[in-house]
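Subject: Handover of a structure, with notes

Dear colleague,

I am passing on the structure below, and my notes on what was found in it follow directly after. Please read them with the coordinates open beside you.

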Amino acid sequence: MILAISLPTGASGVSSHGYDPFIKLPWSKELKGGWSIGGMQSLFSNTDVRNRNAVWEPTFYIEREITKQWQAFAEYAGDFPQRGGPKEIVHFGTAYRLTAGQQVDFHFGLGVSRSAPSHFFAIGYSLRIDRIWGR
Amino acid sequence: MRFGLATRTEFRIVVPNYFGGISGPDPMGFGDITLGLKNNWGLRRKGSTSR
């Protein structure tokens, strides 16, 4: 379970301009042959013109381990807001683990509902530092 | 960035995404920073970093 809050630190055209809490419940299951499936149920309380707009976001992915360090995945994600139209996307990507705690990923996607962007791509980097206490 | 506080608990700082439009009037710039805690109730996958 992930409990988090988004802080209004972003650019004016991108930030929500509010403190937005959310909860995420991720799950995953390893299958045979390097395949795995997973997803996440998320609930956001987003700032929307100084009001709250609850957004439910289900995701589902299927992933294949190509090598021990390299994975590829396909994912569906939908945003279903209390007010406004749904945004649904499918995206495809690959992730490469540089070390046990570092990963880079690349993905591209397509919108499958009217409110979603027609297409996008992204590059990401993730860093995990383990056992900062008790080393 | 994720900091392991205990075997199943981590503190997460999501460094803001940068949004840039290739075409059209999409807003550009960095998004919001997110702070959070994650607790893993199930089995942890070996070396899992992103999900």
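Leaving aside residues up to four places away in sequence, Phe22(A) touches Ala4(A), Ser42(A), Leu43(A), Phe44(A) and Ser45(A). One of these contacts, Phe44(A), is 22 residues away from Phe22(A) in sequence, yet the two C-alpha atoms are 4.3 Å apart in space.

From there to the chain as a whole: chain A comes to eight strands and zero helices, so that its pattern, read along the sequence, is β-β-β-β-β-β-β-β. The C-alpha trace of chain A spans about 45 × 40 × 25 Å along its principal axes, and 16% of its 135 residues count as buried. Among the contacts in chain A with a separation of 6 or more, 28% are between residues 24 or more positions apart.

Within chain A, strand S1 (residues 2-7) and strand S2 (residues 20-30) pair in the antiparallel sense over five bridges, and Ile5(A) has Pro21(A) as its bridge partner in S2(A). Further along, strand S5 (residues 70-81) of chain A is joined by ten bridges to strand S6 (residues 87-99) of chain A, the two running antiparallel; in S6(A), Tyr76(A) has Val90(A) as its bridge partner.

Between the chains, S1(A) pairs with S5(B) in the antiparallel sense over six bridges, and Ile5(A), already mentioned for its partner in S2(A), has Leu35(B) as its bridge partner in S5(B). Strand S8 (residues 119-129) of chain A pairs with S1(B) in the parallel sense over two bridges, with Ile129(A) standing opposite Phe3(B) in S1(B).

As for the interface, the contact takes 33 residues from chain A and 27 residues from chain B. On the side of chain B that touches chain A, the elements that give two or more residues are S1, strand S4 (29-30) and S5 of chain B, and S5(B) gives the most, with seven residues. By class, that side of chain B has twelve nonpolar, nine polar and six charged residues.

Finally, on confidence, the predictor gives the complex an ipTM of 0.74 and a pTM of 0.82. Chain B averages a pLDDT of 79, and 78% of its residues score at least 70. In chain B, confidence is highest in strand S5 (residues 33-39), at a mean of 94, and lowest in strand S1 (residues 2-6), at 80. Over residues 46-50 of chain B the pLDDT stays under 50, and the model has eleven contacts beyond four places in sequence for that stretch. Where pLDDT is low, the predicted coordinates should not be read in detail.

With best regards

Notes. Residues numbered from 1 in each chain as written. Chains lettered and ligands numbered in written order. Predicted model: local features only at pLDDT ≥ 70, side-chain atom pairs only at ≥ 80, totals over all residues. pLDDT = per-residue confidence, 0-100. Helix = DSSP H or I, 4+ residues; strand = E, 2+ residues; numbered from the N terminus. Contact = placed C-beta atoms within 7 Å. Nonpolar A, V, L, I, M, F, W, Y, C, P; charged D, E, K, R; others polar. Pairing = 2+ DSSP bridges. Buried ≥ 20, exposed ≤ 12 C-beta atoms within 10 Å, placed from the backbone.
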